[in-house]
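Me: Hi! Could you walk me through some helix packing here?

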Amino acid sequence: MTMSEMIIQLGQTLFSTLRDVLPIAVILFGFQFAVIRKPIPNMARVIIGFIWVLIGLSLFLIGLEWALFPLGRLMAEQLTDPAFIAGADQIKMVTGAVQSVDWLDYGWVYLFAFLIGFSTTIAEPSLIAVAIKANEVSGGSIGIWGLRIAVAIGVAVGISLGCYRIVAGDPIHWYIMVGYVVVVIQTLYAPKLIVPLAYDSGGVTTSTVTVPLVAALGLGLAETVPGRNPLIDGFGLIAFASLFPIMSVMAYANLTQWYSRRQKKIDAD
Amino acid sequence: MLGSVRDLAPIILVILFFQLVVIQQPLPNIVQLITGLLFVLLGLTFFIHGLEQGLFPIGESMAHAFARKGSAGWLLTFAFALGFGTTVAEPALIAVAAEAAKVVAEGNMIEPSSESRASYANGLRLTVAFSVGLAIVLGVFRILKGWPLQWFIIGGYILVVIMTAFAPKEIIGIAYDSGGVTTSTITVPLVTALGVGLASSIKGRNPMIDGFGLIALASLTPMIFVMAYGMITL
């Protein structure tokens with residue numbers, strides 16, 4: 001890519017981010033002036049903040065497009081490539097039994113799914129935002145990193161299980177329904193304060209960084225696993241990535257509660 | 001800046017490990033790669049800075065102003081506008097809607113012409129945006145009333161399960177995914193600040209219990225509405 005191409009792309013991304021932010025800004029300022037009819041406190045700072053968000057998001061997106069997405073997509077393709085899968089299990093190729101898929105052949109795919117799910121979630125800007133808020137509101141008892149790691153583990157497990165589902169070819173709704181049942185049971189036992197935050201962390205995990213990489217992985221798998229239809233089986237990874245963090249965040253809360261109770265007991269003794 | 005380095009380190013390690021150890025291919029285009037990484041780092045740093053300067057304060061100050069004004073009607077109108085307005089232009093949603101139109105066209109459920117596909121995708125987009133607007137309205141109403149979030153979420157789950165039984169098979173995967181894609185990087189901080197701000201300015205509400213939950217509702221309603229859309233249009 002030449003320098004001028006880079007600059008053009010930079011301009012385009014800035015423009016499209018502006019187009020995304022504009023309706024939000026119109027709604028916010030429209031209501032502020034027409035309904036609330038009071039000047040915004042620290043108006044100048046807020047506007048400068050918006051400009052920082054705009055520039056930051058544009059740079060972030062373009063950087064992802066240049067550095068991480070091409071590699072991530074390429075790797076999703078290479079890892080799901082039948083030649084790579086078969087390479088791990090050449091005897092099978094010789095006997096010609098390729099038609100029946102053995103889910104164990106996809107070990108690297110699950111590992112990749114787990115690690116990429118974890119690492120993209122750690123870098124997800126909207127999760128950072130929610131974690132900052134939760135830390136502030138809870139008076140520090142919910143750690144920013146604790147929450148982020150809990151969510152990231154949830155996404156990682158969700159995406160690897162989702163990949164397994166595509167390889168195995170099971171219908172998605174059974175998984176989702178069992179997940180719902182688990183969430184409902186956990187809701188009964190989790191500390192009350194964490195429940196809304198846990199539900200929220202399901203939705204925040206999947207935005208800028210995770211969706212493009214995960215979608216590429218799902219479609220790549222569905223295209224190359226024999227007998228899968230990308231149109232039916234390729235979807236659903238994002239649903240898994242939004243369901244499992246709910247469980248992991250509630251589990252994290254139970255764990256910290258248990259730990260602090262035990263700590264108190266030890267102190268009391 | 002240092003924080004952003006730490007945020008991105010895992011992703012870089014994972015990609016390097018798989019590229020060099022598992023796939024065993026050299027990294028293509030090193031210069032572009034490094035510039036890109038530098039941009040991602042700067043971008044994340046600027047974004048977080050802007051978040052604390054701009055998005056969080058405005059979301060909260062508006063929540064407080066609406067609470068003081070005491071007009072539930074305007075607050076709910078604002079909630080709907082925010083949900084609908086931020087979703088309808090969401091690029092991830094546009095992509096998913098186009099994909100969904102392709103699926104149903106190939107399944108011969110609508111005419112395979114490009115006009116009918118465009119109108120299907122458009123309808124889907126409006127449906128999802130409407131459902132997110134409704135979710136924020138419902139969520140804000142819940143904060144005002146102090147109702148427990150669990151009932152809404154579990155009720156929503158039951159509805160999703162029931163509708164799964166009746167919705168066309170092709171739409172189910174897309175419907176489940178559409179819940180996750182609607183909440184963008186700018187919407188999440190704003191909506192969170194709005195909810196927490198409201199809960200902390202209304203007496204008797206706990207920002208932890210009542211303030212969160214808007215995002216959860218906004219990821220649940222699209223599943224229900226997309227399946228309904230699939231059932232009605234086919």
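Me: At what angle do helix α9 of chain A and helix α6 of chain B pack?
Reply: Helix α9 (residues 195-204) of chain A and helix α6 (residues 149-166) of chain B pack at about 40°, and their axes are 10 Å apart. Axes are lines fitted to C-alpha atoms, for helices over the stretch in contact, with angles running from 0 to 180 degrees between N-to-C directions. This is a predicted model, with local features needing pLDDT of at least 70, side-chain atom pairs counting only at pLDDT 80 or more, and totals for chains, interfaces and linings using all residues. Residues are numbered from 1 along each chain as its sequence is written, and side-chain values use heavy atoms, without hydrogens and water.

Me: Which residues make that contact?
Reply: From α9(A) they are A:Val195, A:Pro196 and A:Tyr199, and from α6(B) B:Leu149, B:Gln150 and B:Ile153 (contact means heavy atoms within 4.5 Å).

Me: Switching topic: how do α2 and α5 of chain A cross?
Reply: The axes of α2 (residues 43-80) and α5 (residues 107-122), both of chain A, come within 9 Å and cross at roughly 155°. α2(A) and α5(A) are therefore roughly antiparallel (angles over 145 degrees count that way).

Me: Which residues touch there?
Reply: α2(A) brings A:Gly72, A:Met75, A:Ala76, A:Leu79 and A:Thr80, while α5(A) brings A:Trp108, A:Val109 and A:Phe112. The contact of α2(A) with α5(A) has six nonpolar, two polar and no charged residues.

Definitions and conventions
Chains lettered and ligands numbered in written order. Helix = DSSP H or I, 4+ residues; strand = E, 2+ residues; numbered from the N terminus. Parallel < 35°, antiparallel > 145°, perpendicular 65-115°, else oblique. Nonpolar A, V, L, I, M, F, W, Y, C, P; charged D, E, K, R; others polar.
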